[in-house]
Amino acid sequence: MKSMEKLKINEIFYSIQGESTYAGLPCIFIRLTYCNLRCTYCDTEYAFYEGKDMTIEEILDEIKKYNCKLVEVTGGEPLLQTGVFDLMKKLCDEGYKVLLETSGSISIENVDKRVTIIMDLKTPSSKMMKKNLYSNINYLKPDDEVKFVIGNREDYEWSKEIINKYELDKKCKVLMGCVFGELTNLELATWILEDNLPVRFQMQLHKYIWEPEKRGV
Ligand code: SF4
């Protein structure tokens, strides 16, 4: 049976995956509208309200235009729209490798187990740290990824404590990157090496390939 439930979609585009352990690969991005957070460093404020209503079938038709089997469902916060769970299931059924990028403030319990989850834990400088839903850690799979976005030394120290407290590196992959323009890659890389921290350093590749402010890449 075809689902007529509509999702509000901010944009669908094809680009190079800029983050996560999938960085560098061609990827289709499905960006959903709305976000319940307001991070200080947000670079996708245009996704807070703008969007077009689409059924799951319309979304699938749209992405078939690209000859690519890697799809990222992102936002805003994609888990705010209940239809996203069916969308991800349908994408998996259709043979796509699905990545979900989520802020970590909404339960991931009901996300299809075939989906690779890339979940933020919001650091102090985001000013959204209180929204972290730590129970989500219980649902992370070994191939899932937790991401810390670091704006200063306080963020770094806080992230280290959280990694230790929840033994995150034993549960899943752990990523660390800088708030673009706030901290240099060299500073963060140096701290990670000094501490021999079991994390994967990452840069937002798309911000180096294209202009940092460019949308749809
Ligand atoms: S969770 Fe993401 S989209 Fe939402 S405010 Fe934070 S950075 Fe922006």
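In this predicted model, valine 98 touches Val71, Val73, Met88, Leu91, Cys92, Arg114 and Val115, when residues up to four places away in sequence are not counted. Valine 98 is also among the residues that touch the most other members of the largest nonpolar core, a set of 42 residues in which Val73, Met88, Leu100 and Ile150 share that standing. Strand E2, residues 26–32, gives the most to this core, with five residues. In soluble globular proteins, nonpolar side chains tend to be buried together.

Two of the contacts of valine 98, Met88 and Leu91, belong to helix H2, residues 84–93, whose buried residues are Val84, Leu87, Met88 and Leu91. Seen down the axis of H2, these buried residues fall within an arc of 95°, so they line one face of the helix. An α-helix has 3.6 residues a turn, so residues three or four places apart point the same way. The cover over the buried residues of H2 includes strand E1 (6–16), E2, helix H1 (56–63), strand E4 (70–74) and strand E5 (97–102). After H2 comes glycine 95, whose phi is positive, near 90°.

**The sheet**

The protein chain has six helices and nine strands, and nine strands form an open sheet with mixed pairing, in the order E3-E1-E2-E4-E5-E6-E7-E8-E9. E3 and E9 are the edge strands, each of which pairs on one side only.

| Strand pair | Sense | Bridges | Residues opposite |
|---|---|---|---|
| E5 and E6 | parallel | four bridges | threonine 102 and methionine 119 |
| E6 and E7 | parallel | three bridges | methionine 119 and valine 146 |
| E7 and E8 | parallel | six bridges | phenylalanine 148 and methionine 176 |
| E8 and E9 | parallel | two bridges | leucine 175 and arginine 200 |

From E8 the chain crosses through helix H5, residues 185–195, to E9, and this β-α-β crossover is right-handed.

Why is strand E8 described as largely enclosed by the rest of the structure? Six of the six residues of E8, which covers residues 173–178, are buried, so the strand is largely enclosed. The cover extends to both faces of E8, with Lys173, Leu175 and Gly177 buried on one side and Val174, Met176 and Cys178 buried on the other. Strand E6 is likewise mostly covered, since five of its five residues are buried. On one side of E6 the buried residues are Thr116, Ile118 and Asp120, and on the other they are Ile117 and Met119, which leaves both faces covered. Met119 in E6 stands opposite threonine 102 and also opposite valine 146 in E7.

**Two loop residues**

Methionine 129 lies in the loop between E6, residues 116–120, and E7. With 15 other C-beta atoms within 10 Å, methionine 129 is partly exposed; a residue counts as buried at 20 or more such atoms and as exposed at 12 or fewer. Once its neighbours within four places in sequence are left aside, methionine 129 is in contact with Lys122, Thr123 and Pro124. Methionine 129 and cysteine 39 are 90 residues apart in sequence, yet their C-alpha atoms are 9.2 Å apart in space.

Tyrosine 46 is found in the loop between E2 and strand E3, which covers residues 52–55. Tyrosine 46 is partly exposed, with 15 other C-beta atoms within 10 Å.

**The chain as a whole**

The C-alpha trace of the protein chain spans about 55 × 35 × 30 Å along its principal axes. For 217 residues, a compact globule would have a radius of gyration near 17 Å, and the value of 17 Å computed for the protein chain agrees with this. Of the 217 residues, 37% count as buried. Among contacts in the protein chain with a separation of 6 or more, 71% are between residues 24 or more positions apart.

Technical notes
Residues numbered from 1 in each chain as written. Predicted model: local features only at pLDDT ≥ 70, side-chain atom pairs only at ≥ 80, totals over all residues. Pairing = 2+ DSSP bridges. Right-handed = clockwise from strand over helix to strand, strands pointing away. Contact = placed C-beta atoms within 7 Å. Rg over C-alpha atoms; globule rule 2.2 N^0.38 Å. Core = buried A, V, L, I, M, F, W, Y, C linked by C-beta atoms within 7 Å. Arc of directions from axis to C-beta.
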